[in-house]
Amino acid sequence: MSTPDDKKALRRRLVEDRLNLPDRLQRADQLQRVMRIWLVGRSDTVIGAYWPIKGEFDPLPALHRWKEDGELLDEPQLRRIGLPVVDKLHKTLKFHAWFPGCPMEEDAYGIPKPKDTEVIVPTLLFVPCVGYGPGGYRLGYGGGFYDRTLAKLQPRPYTVGLGYTNAYVDDLEPEPHDVPLDAILNDNGVVWPVRG
């Protein structure tokens, strides 16, 4: 059984490994490609994502392209991208509309968030993974924001973890409250669900 200290040490090691990846830019290019291909054929028009920190993969270029593709296809429903804003009272996340060049401000954690844009409800949510393991389980930073948010969001969005191949943890033990992601993408392709 892993202890909270074990998880803390694992998080620290994984973040350090990610920051020191010598080929992180090439891996990011690969994951951008995987993400763009994966999005083709999805019917979602509102997607939630995150502002990358600590060497995380940046999903925003692929999402901006997805948004532009929707405009080129002249779809009746405009595609929208949301970034998380912390609800301090409930310790959950709300998603505010984001677009390149929109006004931003730092939240209490020093992470940029959209300033004064409308709240939108994503049907698909891209989630950063510090680590991920078998069964679609993710290791986050330990704040529980995504767990609490997903427990509250109705309808629950389709959740997709994003991470590099080196973040895979073979013996990751989920906590009783952990809910598996619906899919996980890395720089090699779709990791979860496992295709037989």
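Predicted model: local features only at pLDDT ≥ 70, side-chain atom pairs only at ≥ 80, totals over all residues.
**View 1. Eight strands form an open sheet with mixed pairing.** Followed from one side to the other, the order of the strands is β6-β3-β2-β1-β7-β10-β11-β12. The edge strands are β6 (119-120) and β12 (189-192), each of which pairs on one side only. As a general rule, the strands of a sheet pair through backbone hydrogen bonds, and they may do so either parallel or antiparallel.

**View 2. Strands β1 and β2 run parallel.** Strand β1, made of residues 46-48, is joined to strand β2, made of residues 80-87, by three bridges. Looking at V46, the reader can find its bridge partner in β2, which is R80.

**View 3. T159 sits in strand β10.** This residue counts as buried because its relative accessible area is 0%, and buried means under 20%. Leaving aside residues up to four places away in sequence, T159 touches L125, L150, P180, L181, D182 and A183.

**View 4. The largest pocket has a volume of about 1000 Å³.** Its lining is made up of 44 residues, and those that lie nearest its centre are G140, Y141, G142, G143 and G144. At least two residues of this lining come from each of α1 (4-19), β2, β5 (112-114), β7, β9 (137-139) and α4 (145-152). By type, the lining residues of the largest pocket divide into 26 nonpolar, seven polar and 11 charged.

**View 5. The second largest pocket has a volume of about 160 Å³.** Of the 13 residues that line the second largest pocket, T92, L93, K94, T149 and L153 are the closest to its centre. The elements β3, β6 and α4 give two or more residues to this lining, and β3 gives the most, with four residues. By type, the lining of the second largest pocket divides into seven nonpolar, three polar and three charged residues.

Methods: Residues numbered from 1 in each chain as written. Heavy atoms only, no water. Pairing = 2+ DSSP bridges. Buried < 20%, exposed > 50% of the residue type's maximum accessible area, 1.4 Å probe, protein only. Contact = heavy atoms within 4.5 Å. 1 Å grid on protein atoms, 1.4 Å probe; cavity = no way out; pocket = protein on both sides within 12 Å on 5 of 7 lines; lining within 4 Å. Points joined across faces, edges and corners; volume = space filled by probe spheres on them. Nonpolar A, V, L, I, M, F, W, Y, C, P; charged D, E, K, R; others polar.
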